[in-house]
Every structure is written in structure tokens, then in C-alpha cells.
Amino acid sequence: MQFVKTFLLLVLLNAASFSTKLQFTPQEQSFIKEHPVLRVQNERSWAPIDFREGGRAEGYAADYIRLIAKKAGFKLAFKPGHSWNAYLDMLQDKKIDIITSIKRTKQRKHYANFSERPIIELYNGILQHRDTPELSSMKGLSGKSVAVVQGSYQEEYLKLYFPDIKIKYAANVLEAMRMVMRKEADANIEYHSVHQYNITQHLFSELHSVYMKKDKYFTSSEQYIGMRNDWPLLKSIIDKTMQSLSEKELHELRKKWLSGLQEANIRLDTAEQNYLKHKKVITFCSDPDWLPIEKIENNKHIGITAELLHEMSQKLNLKFKLVPTLSWEESLEFVRNKKCDFLSSVIQTKEREEFLNFSSSYLTMPLVITTLSDTFFVHSLKNLKKKKIGVVSNYAFADILRRDYPEVDILFVSNAYEGLKEVENGTIYAYVDTLESTSHQLRTSSFSDLKISGKLEEEIALSLGVRKDDFLLFDILEKGLNSISETNKKKIYDRWIYVTIEKGIDYPLVWKFLIGLGIAILFFLYRYKVTLNYNNKLLDINKELEKLNIQLEELSQTDQLTKLANRRHLDTVLANEIKRAKRYQTNLCLVLTDIDFFKKVNDTYGHQMGDEILKKVAHILDENSRQIDTVGRWGGEEFLIILPQIDLHQATVMAEKLREKIKAFDFGLEHHVTASFGVASLELEKDTDSSFLSRVDSNLYEAKEQGRDRIIAY
């Protein structure tokens with residue numbers, strides 16, 4: 001009986017991954033010919049569901065309706081530039097044909113038809129400023145002000161069921177979030193995933209969103225496609241096309257727009273709940289010998305990933321079952337041949353993408369070089385041409401090393417212990433692995449003659465690797481993984497990285513050591529007395545020199561007035577970041593800002609006040625930048641910010657935040673102090689240091705020419 005149930009489940013899941021063939025009636029076919037283009041709403045800022053970017057409709061709902069249109073044979077004309085309230089009026093007045101994501105309410109049923117199936121289920125969150133006490137229910141909002149998008153269902157429900165809450169209207173989600181950030185409203189009620197996406201994209205570090213606890217009106221919301229109600233054939237066509245969508249197609253949409261959003265609580269939809277109900281046990285394979293990441297010990301899974309899976313199993317209320325293997329190669333083969341459902345720690349590669357889907361990364365680790373203790377520091381593998389370098393067989397970073405260091409002779413070993421043993425024996429020159437794995441082996445094994453002698457620029461990111469044919473499991477595990485907070489991940493990491501190893505004491509050996517030490521002390525006591533005075537003087541001189549060197553280093557890199565990086569240090573950092581960005585094909589942006597009419601400030605209030613303005617602006621720029629950014633004084637009243645791993649849109653958002661902070665700050669003058677900003681993104685194939693700086697300087701000049709207190713970015 002159990003075999004029959006399992007077989008039927010597999011048949012259903014397999015069938016779900018293929019599209020149902022569409023069959024339209026003659027009337028429906030005629031409708032498509034008569035109405036080849038559908039007019040569709042496109043909001044400005046409801047990411048990641050529906051928003052406008054680069055002149056194109058983006059987001060989960062926008063891609064969903066594109067998929068529907070392609071299958072049904074329609075073309076789409078997106079209509080951007082209106083508020084949500086205006087779009088509802090336009091649907092009612094038949095000026096648009098479709099709203100891609102809308103909640104069904106009694107009021108809206110008067111003028112709209114809705115798809116039979118929802119396109120997504122979203123869960124409400126309460127957005128607050130981090131300075132205020134955390135709220136997670138509507139009860140805590142009683143008597144407070146709440147910012148909502150005008151025309152949203154949240155507005156409708158607040159009016160109907162919460163008359164004691166003061167409503168503050170916003171044209172869109174970003175405006176509502178900024179009202180909370182400026183403390184013009186106590187909170188904003190919106191879908192939690194929308195909050196999370198925009199907090200990340202727009203660097204709203206002052207804000208946080210928490211899931212709303214069970215509430216009759218605001219817990220969750222199924223989103224449907226809304227259509228004009230005078231076209232019943234359109235609803236019929238949409239419903240049929242939605243039914244034809246495969247689980248694979250829907251999975252790709254969810255993965256593109258919703259993966260990686262931090263979710264405090266796990267919300268599984270009906271299909272996912274049914275999957276777990278029938279599946280009961282989820283099997284996984286692991287690396288059998290890769291501590292502290294993971295290891296199979298007495299058929300038990302231990303390590304960092306084991307603790308992550310344990311926390312996920314509790315949150316998901318499911319059971320994970322280890323399928324033991326003898327090697328990493330065997331684990332890869334097992335998941336490829338469907339002997340286990342997923343891999344607990346894997347690096348994404350093109351080859352593995354053929355049979356695996358990869359979750360969000362849960363751990364990023366640097367690669368290090370281990371050699372004999374008498375080896376000099378190794379700056380790069382480029383210095384080890386034609387040397388034999390050991391790497392564990394089938395580890396993904398072997399391909400990275402081959403690509404970046406083609407002249408290095410890579411040899412494969414079965415595990416980390418064997419690799420380090422080969423170095424100790426002199427069979428290979430060095431062994432490359434993660435810092436975590438290497439450190440663990442050096443601490444717990446008897447490798448007294450080895451050391452970590454270098455760190456590579458390359459880093460690796462670990463994910464869960466889920467079988468390519470199991471889309472529902474991928475979505476479930478992704479939700480489980482993202483439900484674990486960064487704080488908890490760090491606690492798990494620290495427990496394994498900083499563990500101490502205690503061993504029994506060999507007392508005879510201790511006595512022999514103490515006797516030998518005593519003899520050595522007596523022998524050197526006389527010599528010590530003779531040289532004591534000389535050494536003390538030398539020590540004092542060395543300390544003074546060290547102190548002076550530190551001060552000299554700081555002076556050489558720091559602007560003395562603002563305490564930010566100086567021009568010289570900025571030049572060095574920028575050159576290094578450009579090289580890094582070009583090597584790894586990553587984003588890099590510059591923000592150049594100039595205090596408006598600064599000469600007038602000096603002439604009116606004096607240079608002392610001008611210096612105070614410069615120091616306060618420097619503090620604002622530094623305080624509101626990321627730790628990985630470099631903020632410095634470029635010269636006079638100009639400041640440069642180097643922003644690695646950030647695109648032009650995000651850099652512009654950050655510049656806007658800084659512009660508003662400066663304008664709002666009370667500098668103690670009769671008028672506001674403002675600043676102009678130029679923003680530019682590195683063109684990897686074209687830009688040099690000078691051309692990159694020239695473009696951002698040109699953008700700043702244009703901002704000043706256009707009236708100041710503004711941003712030019714392109």
C-alpha cells in the first residue's frame with residue numbers, strides 16, 4: 001500500500017513539471033484575435049512583486065503575466081506612471097484590462113473579475129523604525145499612526161475594522177516606508193516580502209519588518225489577476241492558461257524574485273504542505289569528512305550544516321534522513337542518481353547546474369594555502385608556478401584554481417587530512433582548502449610542522465543543492481534556510497570554529513620538560529642580567545619607533561581635519577577596487593559630492609565655521625555608509641565614496657539618502673546646507689582609473705549646473 005502511495009505521489013509531482021496542453025474554444029480564439037494587445041498596470045515601486053526599472057516592467061507579477069500572455073497568444077502594453085488608487089479607477093473605467101496582482105475584496109468585486117487561482121500568497125508585516133519598541137500585532141498599533149498606500153486593501157481594512165488607528169496616506173510603498181524612516185508615521189502595514197526586498201535594495205538600515213502575528217484581517221493574502229468584468233472570455237482564457245503552467249515554470253519565477261528574502265516564520269502553501277504530508281522523510285547526502293562544515297561520524301551527521309539542518313527541521317516540522325557515503329564523489333553520484341534528495345553543502349558550478357538547483361548561500365569562506373612551517377608567506381598561487389598543489393577530489397574550487405592559476409600543477413587527494421599529510425611528507429608543496437576546514441585539521445591533528453602561509457582572493461559560497469526535478473522541495477528548503485536569522489547562523493558558526501580540544505596530561509613528560517627548563521633558566525640567568533639594561537633601552541626605542549610608525553601610517557592615509565581617508569589613500573583603494581571588480585566581474589560605483597556654495601559659508605561665517613561644516617558633513621557621510629565602503633575627502637569641500645559590489649541604482653539610492661541627511665541636518669546656520677552629487681558605475685571593459693573619475697566628476701558638474709542640491713547618475 002505504501003508503495004502505491006509513493007508511486008502515485010511521484011506520478012503527480014512528475015506530471016506537475018510539464019505544461020498542460022492549452023485548448024481554447026472558437027469563441028476564445030476569436031477573442032484573442034479581436035483583442036491582440038492587453039493593457040496592463042505597472043506600479044512604480046512595489047518590488048519584488050511589480051515595479052518599474054530601466055524603463056521596463058519588472059517583478060514576480062510582471063513576469064507571471066508575460067508568461068500567461070506568451071502561452072495564450074496576447075501581446076502586452078504596460079501602463080506605468082499612475083498611483084495604485086488611479087489604477088483601480090482605470091480598471092473600473094475600462095482604461096486598462098488587467099491588474100497583475102490584486103487581493104479580492106467585496107468592494108472590488110463590483111467592477112472586476114478575478115482569476116480562479118491565486119498567483120501568490122503573501123504575508124503581512126509591520127514596518128517600524130529600529131528606535132521604537134517592536135510590534136507584531138494590530139493590538140499594539142491602537143492609537144498610533146500607520147502609513148498605507150492609498151487605495152490598497154490595507155487602507156480598506158483599517159477603515160472598516162480599526163477606526164482608532166490614524167491613517168497616513170502614501171502614493172506608493174517606498175513613500176510609505178520613508179514616512180516611517182522619517183518618523184512621520186509609527187508603522188507601515190505591507191507584505192513582509194515587499195518590506196524585506198526594499199530594505200535590502202534601498203539600504204533602509206533604520207527600518208525593520210516583523211511578521212504580523214495571527215490576525216483575522218491581516219495575516220495572509222492570496223493575490224489574484226484582476227480583469228475588467230465586461231470581458232468574461234478574458235477570464236476564461238486567463239484561467240485556462242494559469243492551469244497549464246508547470247511547477248517548473250512557477251519555480252523559476254519564485255526563485256528569481258523571492259529567494260533569499262529573510263523570513264522569520266515559515267509559511268508553506270497548500271502544495272508544499274501536501275508534499276511534506278506524503279513525502280514524510282527528506283533524504284540528504286553530505287561530505288563525509290569536511291569538518292567543521294560537516295562530517296559523518298558513526299553514521300551521524302555533525303558540523304555547521306548539521307546544526308543548520310536541525311534548526312530547519314524544527315521550523316519545518318519534518319525529518320531529514322542522512323544517506324551515508326564514503327566520499328564526496330559518491331555523494332555527488334548519489335544525488336545525481338536520485339539516491340538522496342539534496343546535498344547539505346555544495347558550491348554552485350555550471351556542471352552541477354545540470355542536475356541541481358542551488359539555494360541561497362548560507363556560508364562564505366576564504367581559501368587558504370598550507371605549507372611547511374619554514375616556507376615564506378605566499379602572496380598568491382602565481383608565485384608557485386609548476387609546484388604541486390593538493391585539492392580534495394571533485395571540490396568545485398579546483399576548477400576556479402585551474403582557471404585563475406593555469407601554471408600550477410593541481411593534484412587531487414581524498415580528504416583534507418590526506419592533503420595536509422602529503423604536504424608534511426614533502427609529496428606536494430602546498431594544500432588549498434577553506435580556512436575553516438584547514439584550521440580545524442591543524443588544531444585537531446598532529447601537524448606540528450605545517451602552517452597557513454597565505455590567503456587567496458577567491459572565496460567560495462556554500463548552498464543546499466536540491467535535485468533538479470524536485471521544485472517543491474527546493475522552495476520548502478529555501479524558506480527553511482531563510483528563516484534562520486543571521487545571528488543564529490553566526491552562533492552555530494562560532495560554536496564550531498572556536499571549539500577547544502582538551503587532551504589528557506602526560507605527567508612524566510611534564511616533569512622532564514620542567515627539569516630541562518630549570519637548567520636552561522640557570523644557564524641564561526647570568527646572561528640575562530648582563531643584557532637586561534641594554535634590552536630595556538632597546539625595547540623602549542622599538543616601542544617608540546613602532547608608535548611613530550603607526551602615527552606616520554595614519555598621517556599618510558588620513559585627512560587631518562575630517563579624519564576620513566585622504567586623497568592619496570583614496571587613489572590606492574580605488575586602483576585596487578577597480579582591479580578586483582574587473583577580475584571578478586563585479587559592480588563598483590563612485591559617489592562624488594560637493595557642498596553647495598561653500599565659499600559663501602566661509603566668506604559669511606569665517607573659516608572656523610567652514611571647518612566645522614566639513615567635519616559634520618564628513619561624519620554624516622561616514623555614519624551612513626557601509627563598512628566595506630571607503631569614504632574620503634577628495635579635496636576642499638569635495639568628498640569621494642568608493643562603493644564595491646553595488647549597482648548604479650543602489651548607489652543612487654544611497655546618494656539620495658545622504659543628500660536628504662545633509663539637507664535635514666541643523667548646522668547652526670540661518671539657512672540649510674545642501675550638497676550636489678555625481679554617481680557613476682564602472683564600465684568593466686572601458687574604464688581606467690582616470691576615465692572612471694572623469695565620468696563621476698562630470699556628473700557632479702552637471703548636478704551643480706542644473707541648480708545644485710541634486711543627483712546626476714548615469
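**Entry 1: helix 19 and helix 23**

I looked up where helix 19 touches helix 23, and found Leu574, Ala575 and Ile578 of helix 19 meeting Asp689, Phe692 and Leu693 of helix 23. I sorted the residues of this contact by type: five are nonpolar, one is charged and none is polar. The model is a predicted one, which I note here before going on.

Next I checked the geometry of the pair. Helix 19 spans residues 567-584 and helix 23 spans residues 689-705. Their axes come within 10 Å and cross at roughly 105°. Angles of 65 to 115 degrees count as roughly perpendicular, so I put helix 19 and helix 23 down as roughly perpendicular to each other.

**Entry 2: burial of strand 26**

I then turned to strand 26, residues 588-595. Is this strand mostly covered or mostly open? I recorded it as mostly covered, with eight of its eight residues buried.

In a regular strand, side chains alternate between the two faces of the sheet. I therefore looked at each face separately. One side of strand 26 carries Leu588, Leu590, Leu592 and Asp594, and the other carries Cys589, Val591, Thr593 and Ile595. Both faces are covered, and these residues are all buried.

**Entry 3: partners of strand 26**

Which strands pair with strand 26? I found strand 28, residues 638-644, joined to strand 26 by seven bridges and running antiparallel. Within strand 28, Ile641 stands opposite Val591.

I also found strand 29, residues 675-681, paired with strand 26 in the antiparallel sense over seven bridges. Here I noted Ser676 of strand 29 as the bridge partner of Asp594, a residue already listed among the buried ones.

Terms used: Residues are numbered from 1 along each chain as its sequence is written. This is a predicted model: local features need pLDDT of at least 70, side-chain atom pairs count only at pLDDT 80 or more; totals for chains, interfaces and linings use all residues. Side-chain values use heavy atoms; hydrogens and water are left out. Axes are lines fitted to C-alpha atoms, for helices over the stretch in contact, and angles run from 0 to 180 degrees between N-to-C directions. Helices (H or I, at least four residues) and strands (E, at least two) are DSSP runs, numbered from the N terminus. Angles under 35 degrees count as roughly parallel, over 145 as roughly antiparallel, 65 to 115 as roughly perpendicular and the rest as oblique. Contact means heavy atoms within 4.5 Å. Ala, Val, Leu, Ile, Met, Phe, Trp, Tyr, Cys and Pro count as nonpolar, Asp, Glu, Lys and Arg as charged, and the others, Gly among them, as polar. Buried means under 20% relative accessible area, exposed over 50%, partly exposed in between (1.4 Å probe, protein chains only). Two strands pair if DSSP finds at least two bridges between them.
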